Amino acid sequence: MNAIILAAGKGERLSPHTLTKPKCMVELFGKTLLKNQLSVFRKCGIENICVVTGYKSEYIQYKNIDYVKNDNFMKTNMVESLFSAIDKFTESTIVSYGDIIFEEKILNKLLKSSHDFSIVVDKQWEKYWKIRFNNPLDDVESLKIDDDQNIISIGKKVKNLNDIQGQYIGLMKFQGNAISKIKSFYAKSKSIFQNTNVNPLNSKYSFENNYMTDFLQGLINDQQKLKAIEIENGWLELDTVDDYNLYVKKNLDKTLLEFYDYND
């Protein structure tokens, strides 16, 4: 078991906090986002950790960590960052975005999953989104789950809340047959783009600009079973200055515990 943390992005919407350091090195509650994740991974027994860096990578210098740099971070998105670390995949690999933090119970639930594809989904997302956005529909994306807990739609813009049965938090696990499947699916999709100049995962973008949800939806379309690992809060995403100010305020007035307990 190992973990890959995707931390190559610039985090422009978090400026000025990211003017002099990468997004994952912004501090919340006395720890950088990255240090918080490293701590949770190690408490859950995961010592083999790789961080994919990019923007201001020289500021990330934690010991006993593997590093892979996405040299094209300014022109690419999450999927390319992930496949920059293709050689770091093991028989079971956790993948996490670098701009989230989560409680141990979240990671432990993911670790217990025996499925090839396991995707963490917050069923209580609406309560969390309502404290972050005046209109949750401005930022939220589709996520539909069938009766067998498989995700059947993810990452699409929605016009009403009926298309949302949870929110993908940026934390997942690939193991068993999933490892070879994601490698072959990525290679096949990239080859199609190179031969046709049409991105099969999202025709609106070049292949290197695919979002992770584009890749996950592509796997679903390819008949892979992506299991939803359901949680209820216990995590935070730091995406904007408004997020930062909100978390500081709610921490001071002790109302943050409703969503996330950093002492967990």
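Thr 76 counts as buried, because its relative accessibility is 18% and the cut-off for buried is under 20%. Bear in mind that this is a predicted model. Where does Thr 76 sit in the chain? Its place is in the loop between β5 and α2, the latter being residues 78–84.

Now its surroundings. The side chain of Thr 76 makes a polar contact with the side chain of Asn 70, at 2.9 Å. That side chain of Thr 76 also reaches the backbone oxygen of Asn 72, at 2.9 Å. If we leave aside neighbours within four places in sequence, Thr 76 is in contact with Asn 70, Glu 208 and Asn 209.

On to the sheet. It is an open sheet of seven strands with mixed pairing, and the order is β5-β4-β1-β6-β11-β8-β12. Which strands are at the edges? They are β5, residues 66–69, and β12, residues 226–231, each of which pairs on one side only. On average, neighbouring strands are turned by 25° against each other, direction ignored.

Next, β1. How many of its residues are buried? Six of its six residues are, and the strand is mostly covered. Both faces are covered: Asn 2, Ile 4 and Leu 6 are buried on one side, and Ala 3, Ile 5 and Ala 7 are buried on the other.

What does β1 pair with? One partner is β6, which runs parallel to β1 and is joined to it by five bridges; here Ala 3 stands opposite Ile 94. Another is β4, residues 49–53, again in the parallel sense and over five bridges, with Ala 7 opposite Thr 53.

At the β12 end of the order, strand β8, residues 117–122, pairs with β12 in the parallel sense over six bridges. In that pair Ile 119 stands opposite Ala 228 of β12.

Last, a helix. Helix α6, residues 212–221, lies across β1, β6, β8, β11 and β12. Its direction relative to β11, residues 167–175, is about 60°.

Technical notes: Residues numbered from 1 in each chain as written. Predicted model: local features only at pLDDT ≥ 70, side-chain atom pairs only at ≥ 80, totals over all residues. Heavy atoms only, no water. Pairing = 2+ DSSP bridges. Helix = DSSP H or I, 4+ residues; strand = E, 2+ residues; numbered from the N terminus. Axes fitted to C-alpha atoms, helices over the stretch in contact; angles between N-to-C directions. Contact = heavy atoms within 4.5 Å. Buried < 20%, exposed > 50% of the residue type's maximum accessible area, 1.4 Å probe, protein only. Polar contact = N/O pair within 3.5 Å; in protein donor to acceptor, adjacent residues only side chain to side chain.
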